[in-house]
Each structure stands twice: as C-alpha cells, then as structure tokens.
Amino acid sequence: MTKYTETQRKILEIGKEEFLAKGFKDASLRGIVKAAGFTQGAFYGYYPDKAALFDALVSETADTLMEQFKAAQRAHYDLITEEKTAQSQELSTDYLNYFINYIYDNFDAFKLVLCCSEGTRYSNYVHELVELEVSQTEEYYQQLRQLGKAEGVVNHDLHHMITSAYFTAVFETVVHDMSREQAIGYVNELAVFFNCGWSGLLRLK
C-alpha cells in the first residue's frame, strides 16, 4: 500500500473533493492548492500537474480491476481444458459479485473514473473493458462452437452493443450512488437477464 506524507494526504483529499464536485476538466489546481493551505510549489513537489493528481487518486484501483478482469477471462479458458464449460455463466456471476464488491470497496475512485474523468486517460475506461470482453469472449465462443457446445453465431456489432449495455448497466450502480446492498441485488438480476439472452443467442449446450 502506498505511504503518503501528511501534506500529500491532504492534497489528495482536497483534490478528490474538487474532482468529485467539478470533474477533472473544470477542477481548479489553484483552488485545490488554496483549499489545502499550501503553495503551488509544495504541490509541485508531489505532482507535476492536475492530471498526475487525478491519476494518483484512481490509477492503482482502476488498473487493478482491469487486471482482475483479465484474470477472470483466463479462468474461463481453463473451463475448456477442464471440460467444465457448462459452468461458464456461473463463473461469470461469481466474478461479477467479486468485482462489484471491489468497486464498492473503492467507491470514490470509481466515481471519479466513471463520472469525472473527461480529459484524462480514464475517460474511455468502460469502453476499454467492453473491447476486452468482446475480443476475449468471441474467441471463447468460437472454441465452444468447435467443441460442439454452442451452435449460434453473434454478429460482432451486436456483440459489442450487448456488452456495452451490460457494462453500462453494471456501472450505473456507482453513477446513481446505490448502496452496496442495492448494487449486489441489481447486478445479480442483470446477470440472470443477460445470461438467458446469451444462452438463447448462442444456443449453448
């Protein structure tokens, strides 16, 4: 876990408040420094610019979720070698519950990424997750078809639209400030809905 000085912790806390209130683009570096009670020189001793401050607030958390998501994708391929592909949707739901709890353990960071990141490298974060999901699952479903465990073929554009709708819906829990309990119930109902849809489209066996 990263260790911060008292000055750095105060800059991060004031910065988070400013970004949550105004978004990255409209947040004022001068206002952050003034509210923190430091000079701009003191700020620059820690961060070269506003973007670096935003990155410090979200990068570890957002990047960790991305890596965990990639690990979840690899776990699905393990089902093929273990001849357990029938458990794919159950595994997806288990990971979804893990992810939503991780998101709520780091709620403010994801609120920044989802609602306040325009102008930063995280402005396309959800789109990047969608692209990763689509590319990996298309390859996975292709292997299922080769094994005779799926008969349906989903057009790439439709696949992207459905996946984008799914991720958008999951992250709406954060956008709309739902409680953790509400979010868990909500995403599990979403999982049932989307799993049924995929089973129908792919004609899984």
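**Helix α7 and its surroundings**

Modeller: In α7, the residues Val126, His127, Leu129, Val130, Glu131, Glu133, Val134, Thr137, Glu138 and Tyr141 meet His156, His159, His160, Thr163, Ser164, Phe167 and Phe171 of α8. Sorted by class, this contact of α7 with α8 has seven nonpolar, seven polar and three charged residues. The model is a predicted one.

Two packed helices are described by the angle between their axes and the distance between the axes. For helix α7 (residues 125–146) and helix α8 (residues 156–175), the axes come within 9 Å and cross at roughly 130°. That angle makes α7 oblique to α8. The crossing in which α7 passes α8 is right-handed.

Now to the link between α7 and helix α4. The ring centres of Tyr77 and Tyr140 are 5.8 Å apart and the planes stand at 85°; an angle over 60 degrees counts as edge-to-face, so this pair is edge-to-face. Tyr77 belongs to helix α4 and Tyr140 to helix α7, so the pair ties together parts that are 63 residues apart in sequence. Tyr77 and Tyr140 are both buried.

One is His76, which lies in helix α4 (residues 50–81). Leaving aside residues up to four places away in sequence, His76 touches Ser88, Leu91, Ser92 and Tyr140. The relative accessibility of His76 is 11%, so His76 counts as buried, the cut-off being under 20%.

The other is Ile80, also placed in helix α4.

On to the next helix pair, where α8 meets helix α9 (residues 180–202). The axes of α8 and α9 are 9 Å apart, at an angle of about 170°. Angles over 145 degrees count as roughly antiparallel, so α8 and α9 are roughly antiparallel to each other. From α8, the residues His159, Ile162, Thr163, Ala165, Tyr166, Ala169, Val170, Glu172 and Thr173 meet Ala183, Tyr186, Val187, Leu190, Phe194, Trp198 and Leu201 of α9. By class, this contact of α8 with α9 has 12 nonpolar, three polar and one charged residues.

The aromatic residues can be followed through the rest of the model. The structure holds 19 aromatic pairs. One of them joins Phe43 and Tyr47, a tilted pair with 5.9 Å from centre to centre and 50° between the planes. Phe43 is buried at a relative accessible area of 2%, and Tyr47 is buried at 7%. Elsewhere, ring pairs link Phe69, Tyr95, Tyr98, Phe99, Tyr166, Phe167, Phe193 and Phe194 into a cluster.

Last, a residue of another helix. Glu18 is found in helix α1 (residues 6–26). Its relative accessible area is 13%, so Glu18 is buried. Apart from residues up to four places away in sequence, Glu18 touches Gly23, Ala27, Ser28 and Ile32.

Methods: Residues numbered from 1 in each chain as written. Predicted model: local features only at pLDDT ≥ 70, side-chain atom pairs only at ≥ 80, totals over all residues. Heavy atoms only, no water. Helix = DSSP H or I, 4+ residues; strand = E, 2+ residues; numbered from the N terminus. Buried < 20%, exposed > 50% of the residue type's maximum accessible area, 1.4 Å probe, protein only. Contact = heavy atoms within 4.5 Å. Axes fitted to C-alpha atoms, helices over the stretch in contact; angles between N-to-C directions. Parallel < 35°, antiparallel > 145°, perpendicular 65-115°, else oblique. Left-handed = near helix turned anticlockwise from the far one by under 90°. Nonpolar A, V, L, I, M, F, W, Y, C, P; charged D, E, K, R; others polar. Phe/Tyr/Trp six-rings, centres within 6.5 Å; stacked < 30°, edge-to-face > 60°.
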